[in-house]
Amino acid sequence: MQKDSFLKFKNVIKKANNIVITTHWSPDGDAMGSSLALYNYLLQLGKKVKVVVPNAYPEFLDWLPGNKSVIIHQKNQAKVEKLVNNADLIFTLDFNSFKRIEKLGELLEKASAPIVLIDHHQQADNYATYYFYDVAACSTCELIYELIAGLGDKKLIDKKIAACIYTGLMTDTGSFRYPSVTAKTHMVISELLKTGIVPADIHSAVYDTYSYERLKLLGYLLSEKMERVNDFPAAYFAITESELKRFSYQKGDTEGIVNYPFSIKGIKVCALFMESEGYIKISFRSKGKIDVNKFAREHFSGGGHINAAGGKSTQTLEQTVNKFIALAKTLF
Ligand code: 5GP
Ligand code: MN
């Protein structure tokens, strides 16, 4: 997949007036950070812009500048249909297949406006007119920075845009510790800090927001629910809906938990299975060359990155876990 030239992008954006930005199902820090960074940037260019997300996102992202204007498709279908039909340019951020946005994908498939895909996940589908795509980028937010800078508008990156971009960089890199972090990532951070954003405050706004029950859930999962796979350096959690209810589960409460078994010496694969909205939501994480994107794509209708992927299953929790255990040998 190619990176289209900035000049071409500049013209495309210049001609557009009604712009819709959208991102993946269950938006995370990078999804919301990149969407709202682009939103705030396009507002500065005088565009009419709307951010549309497929479903709700965690409360710890509510402070992001522009959050109040975000429209949730699941709750406002007619409004979103109108916006998409009236758009003359659509951005899809932090995903690369309409399957990742459920019913919103059906709308985009019919849309007449050109689509710009900006993403860093593996194996993009071919739905867009313009691609700004790099699997080596640590986050879509890094690409948004690159895009704005490439368009010659670095000077427009204010505190609001910087806070959004910083959030995605931070959340998609596990606070700057994954192998996806490069010199470029830190160069971008250094530029963002010049706007006056305070990293410690952003970290706190995203991570120091647990409810009492959420921390209890983490404790329960670590002490009672973490399992190892026999014969392989893999560990997993399987969480039922009633367990989630017991800890007053809110969207986002299990985020990050999948990674904990990596702190056990030798563990190379982690998984988390969770009953959610009538199916099993799955997260996979791996170390080094172990490709969980491929694994999730082949066996669990999912995808993502080589070391971080997700998927789903319509089997029971137990069947899904058993399938994972039976297939674990293919990972090593
Ligand atoms: P998470 O485990 O945090 O939900 O997702 C890990 C990575 O995999 C993220 O980059 C996310 O966008 C991607 N991902 C999660 N679920 C799916 C899925 O069902 N399909 C695809 N293609 N990617 C997913
Ligand atoms: Mn991302």
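**Exercise 1. The hairpin**

How many residues lie between S7 and S8 in the hairpin that they form, and which residue in the turn has a positive phi?

*Solution.* The model is a predicted one, in which local features require pLDDT of at least 70 and side-chain atom pairs pLDDT 80 or more, while totals for chains, interfaces and linings use all residues. Residues are numbered from 1 along each chain as its sequence is written, chains are lettered from A and ligands numbered from 1 in the order in which they are written, and side-chain values use heavy atoms, with hydrogens and water left out.

Step 1. Helices (H or I, at least four residues) and strands (E, at least two) are DSSP runs numbered from the N terminus. Two strands pair if DSSP finds at least two bridges between them.

Step 2. Strand S7 (residues 227-228) pairs with S8 in the antiparallel sense, over 2 bridges. Within this pairing, Arg228 has Ala235 of S8 as its bridge partner.

Step 3. The hairpin has 5 residues between S7 and S8, and the turn residue with a positive phi, about 75°, is Asp231. Asp231 is not a glycine. With a relative accessible area of 77%, Asp231 is exposed, where buried means under 20% relative accessible area, exposed over 50%, and partly exposed in between (1.4 Å probe, protein chains only).

**Exercise 2. The parallel sheet**

Which strands stand at the edges of the sheet with parallel pairing?

*Solution.* Step 1. This open sheet of 6 strands has parallel pairing and the order S3-S2-S1-S4-S5-S6.

Step 1. Strand S4 (residues 89-93) and strand S5 (residues 115-119) run parallel and are joined by 4 bridges. Thr92 has Leu117 in S5 as its bridge partner.

Step 2. The loop between S4 and helix H4 (103-110) contains Asp94. Asp94 has a positive phi of about 65° without being a glycine, and at 2% relative accessibility Asp94 is buried.

**Exercise 3. The surroundings of Asp30**

Is Asp30 buried or exposed, and with which residues is Asp30 in contact beyond its neighbours within four places in sequence?

*Solution.* Step 1. Asp30 belongs to helix H2 (residues 29-44) and is buried, its relative accessible area being 0%.

Step 1. Contact means heavy atoms within 4.5 Å. Apart from neighbours within four places in sequence, the contacts of Asp30 are Asp94, His120, Ser139, Thr140, Cys141, Gly168, Thr171 and Asp172.

Step 2. Helix H5 (residues 140-150) is mostly covered, with 9 of its 11 residues buried. Gly152, with a positive phi near 80°, follows H5.

**Exercise 4. The overall form**

Compare the radius of gyration with the globule rule, and characterise the fold as a whole.

*Solution.* Step 1. The radius of gyration is taken over C-alpha atoms, and the rule is 2.2 Å times the number of residues to the power 0.38. For 332 residues a compact globule would have a value near 20 Å, and the protein, at 20 Å, agrees.

Step 1. The C-alpha trace spans about 60 × 40 × 35 Å along its principal axes.

Step 2. The protein has 12 helices and 12 strands, and buried residues make up 53% of its 332 residues. Of the contacts between residues at least 6 apart in sequence, 66% join residues at least 24 apart.
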